[in-house]
Amino acid sequence: MLYIIVGILLFGLLIAVHEWGHFITAKLLGVKVNEFAIGMGPAIWKKQKGETLYAVRCLPIGGFCAMAGEDEAIDDPRAFTSQPAWKRFLILCAGAFMNFVFGLLLLLIVFAQAKSFSTPTLTDFMDGCPYQGENALQVGDTIWSIDGHRIYFTTNVSEYLARGGDTHDIVVKRDGEKVALNDFYLVAREYPGQDGKMYGFYFGTKPATFGAKLQTTWYSAMDFVRMAWMGLSDLFAGAVGVKDLSGPVGIVSMMNEVGKESATKAAAFSNIAYFSAFIAVNLAVMNMLPLPALDGGRLVFLIIEGIRRKPVPPKYEGYVHAAGLMLLLMLMVYVTGQDVLRIFMRSN
């Protein structure tokens with residue numbers, strides 16, 4: 001139960017951080033905020049402070065920052081729709097930005113105790129490895145990219161080699177310069193004394209200096225962004241289906257599993273924090289998608305406004321976002337049902 005409670009609190013915190021980004025930016029830019037709420041459904045706590053009602057609602061599956069004139073034109077110079085485009089742009093982007101920053105902060109906390117980090121720098125080859133030589137890979141090479149994908153960590157190497165065929169375009173950093181190994185034949189194979197097939201590389205480590213911690217934090221966030229886009233690509237390509245998606249219930253369940261499978265409580269909270277950072281960065285990416293009801297969808301209307309030299313009537317934009325919200329809620333209901341079904345099947 002401990003990890004379930006922690007998971008619920010962290011998920012609620014991720015939503016709160018997102019909405020707080022909208023809220024604080026709107027306040028700083030002089031936009032009137034009618035309500036700032038965490039959660040959805042009936043309010044379990046609320047307090048009026050000045051012009052804004054602050055509320056906590058019973059379902060930890062969302063939240064909102066209700067600005068005056070957000071979905072309709074009103075005669076108020078402090079209304080959202082009365083603001084210049086640059087202010088509205090900043091307010092709309094602020095939620096995703098705060099999720100991304102929160103993800104960075106969690107990652108930095110996770111890596112704060114690290115003593116060293118692995119690097120994609122080759123320190124040796126396994127006996128019989130055929131991929132070393134003058135015109136091939138060499139000890140001291142740092143693998144920079146594989147098939148155009150930047151390599152941040154050693155895990156990226158096998159990941160992107162597995163996604164391609166038997167030949168790859170590899171770029172390595174050698175003696176401070178980038179060296180291209182195009183159409184390089186590289187497949188996993190068996191090596192004496194090793195279990196399973198592998199590529200035959202030994203990678204090095206570097207001390208976890210403060211600079212290395214900052215770099216690893218940034219690289220991890222970039223890797224999360226890339227994973228989110230790859231997941232979306234797989235979804236649109238049909239490699240995965242809607243049934244494979246997870247919602248709030250599934251996310252909390254995964255946090256619980258991460259906690260239970262950790263060796264110690266300290267490791268559990270570290271692993272949950274790392275997973276929460278992944279979710280935070282994913283929320284930042286997903287909210288910027290150009291879909292109705294999402295922040296990215298609202299940005300699309302700003303772009304249309306820039307092209308037309310006049311805004312789309314707020315009521316029509318509101319209709320589009322309302323329709324998008326209904327579809328998203330239907331998707332959430334379906335995904336939540338799938339999450340509950342998976343939990344039930346695991347328990348039996």
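All views show a predicted model, in which local features need pLDDT of at least 70, side-chain atom pairs count only at pLDDT 80 or more, and totals for chains, interfaces and linings use all residues. Residues are numbered from 1 along each chain as its sequence is written, and side-chain values use heavy atoms, with hydrogens and water left out.

**View A. Packing of helices α4 and α6.** Helix α4 (residues 210-237) packs on helix α6 (residues 265-287) at an angle of about 60 degrees, and their axes are 9 Å apart. This makes α4 oblique to α6 (angles under 35 degrees count as roughly parallel, over 145 as roughly antiparallel, 65 to 115 as roughly perpendicular and the rest as oblique). Axes are lines fitted to C-alpha atoms, for helices over the stretch in contact, and angles run from 0 to 180 degrees between N-to-C directions. Helices (H or I, at least four residues) and strands (E, at least two) are DSSP runs, numbered from the N terminus.

**View B. Two phenylalanine pairs.** The structure holds 16 aromatic pairs (ring centres of Phe, Tyr or Trp, its six-membered ring, within 6.5 Å; planes under 30 degrees apart are stacked, over 60 edge-to-face, the rest tilted). Phenylalanine 23 and phenylalanine 36 are stacked, 4.9 Å centre to centre with 25 degrees between the planes. Phenylalanine 23 belongs to helix α1 (residues 2-28) and phenylalanine 36 to strand β1 (residues 33-49), so the pair ties together parts 13 residues apart in sequence. Phenylalanine 125 and phenylalanine 201 are edge-to-face, at 6.1 Å and 80 degrees. Phenylalanine 125 is in strand β3 (residues 116-125) and phenylalanine 201 in strand β10 (residues 201-207), so this pair ties together parts 76 residues apart in sequence.

**View C. Arginines over aromatic rings.** Arginine 150 lies over the face of tryptophan 144, 3.4 Å from the ring centre. The charged end of arginine 189 sits over the ring of tyrosine 191, at 5.4 Å from its centre. The criterion is NZ of Lys or CZ of Arg within 6 Å of the ring centre and within 35 degrees of the ring normal.

**View D. The end of helix α7.** Just after α7, arginine 309 has a positive phi of about 65 degrees.
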